[in-house]
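Let's walk through this structure together, one region at a time. Keep the sequence and the 3D view side by side as you read.

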Amino acid sequence: MNMAHSKLRRTFIIGCGCTAFIKPRGLRTTEDMGLEAATKALLDAGITYDEVETAFVGFCYGDSTSGQRALYNLGMTGIPITNVNNNCSTGSTALFNANNLVKSSLVECALALGFERMAPGSLGTKFPDRVSPTILFGAKSHELESNLKTGKNSGPAAPRMFANAGQEYCEKYGADITHFAKIAAKNHKHSVNNPYSQFRNGWTEEQVLSSPKINNQLTKFMCSPTSDGAACCIIASEDFVHAHKLENQAIEIVAQALETDHPAAFESGSAMEVVGYGMTKRCTDKVFAQAGFAPGQGRDEVGVVELHDCFAANEACRLITYPALGLCAPDAAHKLVEANDNTYGGKYVVNPSGGLEAKGHPLGATGLGMHFYITMQLRDWAGPMQAPGLFTTSDKRGKYGLIHNIGIGGAVVVSLLRRPEFFNPGGVDGRTRLGYNHACECKPVMLADLDKVKSKNSSQYVLQAARL
């Protein structure tokens with residue numbers, strides 16, 4: 001946005017909701033999953049759909065105006081509804097756009113919704129009559145396999161690209177497949193405490209390593225599954241927060257950026273660059289600069305992270321994760337893993353939700369789900385998933401929560417969240433309005449819940465088709 005930073009307002013997540021992420025078996029429609037997530041978010045915020053001034057809805061596998069189809073269940077108020085597709089970063093891209101409209105004073109309250117109904121198995125194109133827009137990324141990664149000791153790779157396109165990037169890191173810095181297994185097992189262990197998670201098996205390192213091979217580097221349990229699910233976040237201005245007495249749950253989006261590729265993705269000769277290492281680093285540096293930190297600074301004030309671990313190699317390597325986010329030196333990602341500095345008791349708690357590998361990866365919902373989980377961490381509502389030590393700092397705002405969501409093709413969104421200085425827990429909050437703590441309990445919504453948040457301008461014709 002070409003607007004002086006000083007003219008931009010502070011923005012806050014005031015409500016969020018999520019469905020369970022489930023195996024893609026066609027059991028739920030996108031409009032019904034979207035209705036559940038949005039209803040929960042509105043209940044959490046204590047507002048009705050009439051107060052939402054604009055909405056951005058993200059999905060990759062859906063027809064035109066799927067966003068309207070989902071939100072019309074809540075009302076037909078005439079607001080702008082924009083449908084968003086940005087590969088795996090779709091959900092956070094929807095949030096980025098909603099946040100910018102509030103930040104630039106164009107609206108007081110905006111909604112970002114994401115959902116996906118996927119097919120079982122590996123990702124594939126839905127348009128067989130044309131070449132995929134990501135084909136050059138796959139082609140370059142395949143070319144670079146000749147530079148790797150493991151040579152020609154195999155398997156589905158996405159895990160193959162990330163496996164090649166992982167192999168490059170291993171050869172540069174001395175890591176191996178056991179580090180990928182440690183990361184995957186860590187994430188699966190975390191997911192046991194997440195009722196929204198697709199997998200709650202708690203696979204061990206040995207089970208991860210012995211699961212079926214996908215390619216030279218990755219096994220099945222090192223890869224995120226395809227999933228069905230939805231998530232929603234509501235963004236508002238500071239004036240809106242105070243007017244609605246949401247000081248007890250509003251979490252500030254301190255900084256946020258969206259970045260796309262540079263020529264290095266194809267010209268550098270690096271498999272890690274192909275899958276977005278440089279893109280993530282530039283985006284993260286911008287975010288910490290927005291937050292007022294000097295170059296390279298601020299990471300020690302982060303306590304909890306949700307990052308895009310579509311494959312274990314992705315979390316481990318110097319591509320779009322630990323070093324690119326500035327959480328460690330370029331050669332130290334595997335050392336961070338060995339020190340358990342990516343889990344409870346370590347320096348950072350990374351993916352307390354279980355990450356994409358365990359909780360699932362419905363493309364349009366993933367980024368918004370990440371913001372849901374970090375918001376709940378910073379509210380101190382996360383129950384058995386709660387990261388310790390977030391609020392024991394000398395600054396009453398506590399530590400930051402960091403979010404990273406990337407899509408090949410490419411785009412990455414990085415967000416930095418924190419409690420505002422006026423945060424004051426207690427009293428009636430989202431848990432009261434939902435009747436349970438939706439941060440760590442997953443329950444369906446009922447018609448009575450919808451009645452509390454739907455617009456005065458609702459269509460019974462539309463509502464009669466809704467399935468809750």
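Is valine 131 buried or exposed? Keep in mind that this is a predicted model. Valine 131 has a relative accessibility of 58%, and since residues over 50% are called exposed, it counts as exposed. You will find valine 131 in the loop that links β4 (109-116) to α4 (135-144).

Now let's turn to a helix with quite another setting. Helix α6 covers residues 177-191, which makes 15 residues. From its first C-alpha to its last, α6 reaches 21 Å, close to the 21 Å expected at 1.5 Å a residue. How many of the 15 residues of α6 are buried? The count is eleven, so α6 is largely enclosed by the rest of the structure. Among the buried residues of α6 are Phe180, Ile183 and several alanines, namely Ala181, Ala184 and Ala185.

Ten strands build an open sheet with mixed pairing, and their order is β3-β2-β4-β5-β1-β6-β10-β9-β7-β8. At the edges stand β3 (81-84) and β8 (349-350); each has a single partner strand, so one side of each is left without a neighbour in the sheet.

With β7 (residues 302-306), β9 pairs in the parallel sense over four bridges, and leucine 402 of β9 is the bridge partner of valine 305. With β10 (residues 411-418), β9 pairs in the antiparallel sense over seven bridges. Here asparagine 405 stands opposite valine 413 of β10, while glycine 407 has alanine 411 of β10 as its bridge partner. In the hairpin of β9 and β10, three residues lie between the strands, and glycine 409 takes a positive phi near 135°.

How covered is β9 itself, and where do its side chains point? Eight of the eight residues in β9 (400-407) are buried. Tyr400, Leu402, His404 and Ile406 point one way, whereas Gly401, Ile403, Asn405 and Gly407 point the other way, and all are buried.

Methods:
Residues are numbered from 1 along each chain as its sequence is written. This is a predicted model: local features need pLDDT of at least 70, side-chain atom pairs count only at pLDDT 80 or more; totals for chains, interfaces and linings use all residues. Side-chain values use heavy atoms; hydrogens and water are left out. Helices (H or I, at least four residues) and strands (E, at least two) are DSSP runs, numbered from the N terminus. Buried means under 20% relative accessible area, exposed over 50%, partly exposed in between (1.4 Å probe, protein chains only). The expected span of a helix is 1.5 Å times one less than its number of residues. Two strands pair if DSSP finds at least two bridges between them.
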